[in-house]
Each structure stands twice: as C-alpha cells, then as structure tokens.
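Please look at the charged side chains of the chain shown here. The briefing is meant for a reader who is new to this structure.

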Amino acid sequence: MDYCFRSLTQFSICITFLAILLSSFSFTCTEAYDALDPNGNITIKWDIISWTPDGYVAVVTMYNFQQYRHIQPPGWTLGWTWAKKEVIWSMMGGQATEQGDCSKYKSAQPHCCKKTPTIVDLLPGTPYNQQIANCCKGGVINSWAQDPNNYASSFQVSVGAAGTTNKTVKPPKNFTLLAPGPGYTCGPGVIGKPTKFVTPDGRRVTQAMMTWNVTCTYSQFLAQKTPTCCVSLSSFYNDTIVPCPTCTCGCQNNVTHPGSCVNPNSPYLASVVNGPGKNSLTPLVQCTKHMCPIRVHWHVKLNYKEYWRVKVTITNFNYRMNYSQWNLVVQHPNFDNLTQIFSFNYKPLTPYSSINDTAMLWGVKFYNDFLNQAGPLGNVQSELLFRKDKSTFTFEKGWAFPRRIYFNGDNCVMPPPDAYPYLPNAASPTLDGFFEMWVNSPVGLTLLF
C-alpha cells in the first residue's frame, strides 16, 4: 500500500481498484438474496446420535426452509470432504454413489472410502429395513409453504476412523448441494445446540451427542446462465397481446446449434424427444421467439362494478421436463383484496408483515399439480377474482399487471413497462357501458345481458 500513496494519481488508481473489488464482492453476496423470501435457505443438521468403537453414528437431515423453492426430480445430491481419514461403514435411507478404494480393509468392506463422498436419497419402495424417517423420496423435498409435512429429507450414516468424543471428531468440509443442478452455496459446519428427538409416543425426549449446522443458500445466477421463464400480458380493453421479449431465454439457432429447439409440427418430433439425452437436465424447448421452458400469461379478463377478474395460464415448452409440485409466486398490490381463486391453491406470503401483496399459487392435488411436458396437455390455468379498492383502483399505467412473477422459485422475465396493454385515449360509449353492466347478484357475479 505504501507504493500506492507515492502520488495522488497512484492513490486514485488504488481507490478505484478497491471500489471495483468491493462492488464485485457486493454483487456476489447479494445475488443469493431473495426479497420475497429473505430468510429462505436449506439447513443441514448433522446429529451424532451414538458413538462406535472407531467413530459415530449420525443422522443427517436437510430442512427446506424456503417458502416456495423446492427440490424436484431427479432429486438432491449432497457431497463433502472429510476432515481426516474417515470412511462410511454403512448407511440407511441414502447411499454413496461410489465406494472408492477400500483395498486396505481386509475383513469387512466399508460402504464408501472416498475422501469426497457423494450421497443420494433412496427411491420410494426401498425395503423397510433400509429406511429411516423422512427418507426414500428419490431426493424430492417440497417447499416450506407448499407442503410443510414434507419439507425434510434424512439419511443415517455410520462413520469410522473419525474420533469417539466431542473433542476428537471434526465436521466435514466443503459441503456441496445439487438440487438437482447447481445453484446452492453451502457454508461451513458450525457447532449448534444439540438436537432433541421426541419418541413416537411423545413421552420421552432424547438428545444428540453433538450437532453441526450447515446453511445452503440459492442463487439463480449460479443455477443457470439464462432465465427459465417469462411473462406475457393481455387485457380485454386492448387488442394488443404483449409477448415475452424476443430471445428471453436464448435465441433459436438450429443452423449453428442443431437440436437447440424442436418444431412441434416436425415429423421427427417423437424421435428427438425420446432420443439421446431425454433424461438430461438441459431443456429441450419448443421453437419460439422467446425460447423459454416456461411461459406465464396474465390476462385481465373481465371488469365488474366492484370486482375485476384475471386468468393465469402456465405453459410448459420443455419436452424434457414434467413439473410435479409446481408453484407460482406473484406480486401484485391488489392481493390483499383477493376474493376467490378457482382451481389453484393459494397462500399469502408476507415477507414484510405490514404488506400483503405477494401470493403463492400451486395446483390442486391429483388435479393440476402436475404440469406436463410440452404438447397439447402442457399447460394449467386458473382465474382470480379481486375486489376493487375504489381509492386506489385503476386500469391505467399497468396497475392491473403483476410487478413480479416466480415459477418454481426462479424469477421470470417481465415485458418492458412501456409495452404493457394500455387503455384507449378516450373510452367509447360502448366501453363505458360495458364497464357498468357488471353488478353483484345474490347468487354471484352475473352479466346483465
């Protein structure tokens, strides 16, 4: 630093350089912050429940404390680096993907001898003698708000060559979580308050010998290079349909990158969809101008005297993905006056308790909670009915359109504000009459003509 201060010019250069470093650091740290779920994370608890002659037995549980981001098929993959020369003697509820070199063990063979093991969940239907609580769901973990009864996943691991007291054991390092692709960054294992376990009859509480906590946060920037969804808009009072921006999720380029998208009318569609890579996480999308796997369309459908109505349609353009347990998060100022929703589940999200402008929507079980891959059945839709707040309500200046939309936890690209459908400069008598013809009736909302 002394060299930097030898002249004013050099001092300015150093200040500029430090400012660039700090701004880069700030960008990296805030990228994982989600304004609609500021406390969302996946917490891994590593609970040592008993000691063995050369190590310990631990229950490892992943808790999804994210309101609306879940882990979908093919499920999570958890990895770490051992602090010493530990081995995994056995596992229940999960398994290591590779055994590694266990040649130095002559009698009993460990389950895994790798320095950096990779663990996956067992599949549904696993024999009961290999299961523990919260295991064997194929790595799928639902979100905290959508399904609070299935927001955790666990496995049990017997660790050897690890130390047999609280002072000699060391937590693993460099935790990695794929869910199922990249996107999560995990911190170090931190000693926490020992976890307490309640017996099934509720009459006894046991306690872990030691507990380590690991926190993993999600960043859409790390998860994918391009967006995964976009939003289009339309309204009854304007003939303009505002599409997703061109090349939102990439550009169609079958010339330089053959197979980057699929024409739905192609005679070779079936062979492409079912060909090599059909189980890949890389989307194979229908050829569109926006090239997004998911499009959300918000249509302002009807205007009543005291209410207004919106139709929401989610379309899947990805030939490689069926979205089970999908969800949509929408931010709009009129959600505090939501009156009725048809064929979707609804839950208000209030990250800032005084403001109720964010809603989480998801499908009804066994009806539309499964969003099929691209094709005629690849869409779900519902309608929302809002009560007007006469002091603030207006169709002008984009008020009727959402501020932000997430699909499965990823922020969707909105059209530019100046492209939103706008009201005519002067409403015709027909339009004025149309606005006034909707009234409340004892049996519901009915048109007068």
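What follows is a short account of salt bridges and of a charged surface patch.

This is a predicted model, in which local features need pLDDT of at least 70 and side-chain atom pairs count only at pLDDT 80 or more, while totals for chains, interfaces and linings use all residues. Residues are numbered from 1 along each chain as its sequence is written, and side-chain values use heavy atoms, with hydrogens and water left out.

**Salt bridges in general**

- Side chains of opposite charge can pair when their charged atoms come close.
- With a salt bridge taken as a side-chain nitrogen of Lys or Arg within 4 Å of a carboxyl oxygen of Asp or Glu, the count comes to four salt bridges.

**The pair Asp34 and Arg69**

- Asp34 forms a salt bridge with Arg69, and their closest N and O atoms are 3.7 Å apart.
- The two residues belong to distant parts of the chain, 35 residues apart: Asp34 is in the loop between helix H1 (8–30) and strand E1 (42–52), and Arg69 is in the loop between strand E2 (55–64) and strand E3 (77–81); helices (H or I, at least four residues) and strands (E, at least two) are DSSP runs numbered from the N terminus.
- Asp34 is buried at a relative accessible area of 9%, and Arg69 is buried with a value of 9%, where buried means under 20%, exposed over 50% and partly exposed in between (1.4 Å probe, protein chains only).

**The network around Glu383**

- Lys301, Arg309 and Glu383 are linked in a network of salt bridges.
- Between Lys301 and Glu383 the salt bridge has an N to O distance of 2.5 Å.
- Because Lys301 lies in strand E18 (residues 294–303) and Glu383 in strand E26 (residues 379–387), this pair ties together parts that are 82 residues apart in sequence.
- Glu383 also forms a salt bridge with Arg309, the closest N and O atoms being 2.4 Å apart.
- That pair links distant parts of the chain, 74 residues apart, with Arg309 in strand E19 (residues 307–316).
- Glu383 is buried, with a relative accessible area of 14%, and Arg309 is buried at 16%, whereas Lys301 counts as partly exposed at 28%.

**A positive surface patch**

- Lys85, Lys104, Lys115 and Lys173 form a positive surface patch, a patch being made of residues with over 30% relative accessible area and no salt bridge, with like charges joined within 9 Å and nonpolar side chains (Val, Leu, Ile, Met, Phe, Trp, Tyr) within 5 Å.
- Lys173 is in strand E8 (residues 173–178), and Lys173 is partly exposed, with a relative accessible area of 44%.

Note on methods: Areas by Shrake-Rupley, 256 points an atom, 1.4 Å probe, with all protein chains shown as cover. Lys, Arg positive; Asp, Glu negative; His and termini not counted. Charge placed at Lys NZ, Arg CZ, Asp CG, Glu CD.
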